[in-house]
Amino acid sequence: MSFKSRINHIRRTVIWNLAKGVGNSYTEPAYGSCDVLKVKKVLIIRPNHRLGNQLLLTPLVQEVINVFPNCEIDLFVKGGVAHPVFENYKEVVNVIKLPKRPWSHIVKYISSWASIKQRKYDFVINGDRTSSSGRLLTQIAKADFKIFGEVDDSEFKHLEGYQHISIYPVYNLRLYLKNLGVNIQVENKVPVLDVKLNDQEIAKGKQVLNGVVPGDKETICIYTNATGDKCYSEEWWGTFYERLLKEYPDYNIIEMLPIENISKINFKSPNFYSQDIREMAAIIRNTSVFIAADNGVMHLASASLAPTVGFFSVTNMEMYKPYGSKNIGLQTNKTKIDYWITAIDNILK
């Protein structure tokens, strides 16, 4: 383990030990004390820099907007991807950012934490029950109502998708409010991931897509990259790509390339690349289906509201699969390629 890795391990261990028991002494507000119309300032905490984790926060943000119609929202995150993700959310007024590399920007890291003590909120929500730093930040924040992230699955495990990392915080918020006497239906449909593309962005995405492939046919888009064990081999993708060509001769099949400019199908299809998150989402929005392994771009496709197919082999599909509309997650080590094609057929037809 490198020196830097050891330091980060120590940092995480210290935070975890500090977070143990946080919230246990928190006194729940009295029944009937929450007037949703009077909630004006909400803080949502999700200190993770990955694109996927910021996108997975969008359903909770939408729920907060729906429940508290007069609120403004601050987000406490890490890194810079939250800005483009929430660009069209007018209710998100402040994005408080931890530096992506804390030890390289220790003063900014400390000042970001300290800034939470300087603000007064009506409601604070820790968006990830596994986040120790999220629990600590919820503890130090000044607010009348706090959700630390504890989830009693027994209260809603009969509801659809309750294990999903985007869905359980919404159910948890609803249950918290219901226990305070707010008239709310816990079982209502949960918002889907959404970056709220506007008409101009979608039209520009169509223009860019038409520059990659002719616009006289519908388009299937694949993304062949992923991190670590989630990444499928060139042989795997090659076999799948050839099957797509065979099954869908009347469709354009294109590949979105990652920043590393690599292709698991050796650049055999028309392809494109963009560093602009919203442009990527707008291009995907104009495709008939987007297909990828479990990764941040898969969540971006889902948040673009394009039909999305996610391949899973090592991560918990029930926690991370694309959900809603025509989206589907496929467990590739339990199913075969014919099953995947049938799933894609159901989306396209």
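The model is predicted, so local features need pLDDT of at least 70 and side-chain atom pairs count only at pLDDT 80 or more, while totals for chains, interfaces and linings use all residues. Residues are numbered from 1 along each chain as its sequence is written, and side-chain values use heavy atoms, with hydrogens and water left out.

Helices (H or I, at least four residues) and strands (E, at least two) are DSSP runs, numbered from the N terminus. In strand E10 (residues 308-312), five of the five residues are buried, so the strand is largely enclosed by the rest of the structure; buried means under 20% relative accessible area, with a 1.4 Å probe and protein chains only. Thr-308, Gly-310 and Phe-312 point one way from E10, whereas Val-309 and Phe-311 point the other way.

The axes of helix H3 (residues 58-67) and helix H7 (residues 168-179), which are lines fitted to C-alpha atoms over the stretch in contact, come within 9 Å and cross at roughly 30 degrees. The two helices are therefore roughly parallel to each other, a term for angles under 35 degrees. In their contact (heavy atoms within 4.5 Å), Pro-59, Leu-60, Glu-63, Val-64 and Val-67 of H3 meet Pro-169, Val-170, Leu-173, Arg-174 and Leu-177 of H7.

Methods. Buried < 20%, exposed > 50% of the residue type's maximum accessible area, 1.4 Å probe, protein only. Axes fitted to C-alpha atoms, helices over the stretch in contact; angles between N-to-C directions. Parallel < 35°, antiparallel > 145°, perpendicular 65-115°, else oblique.
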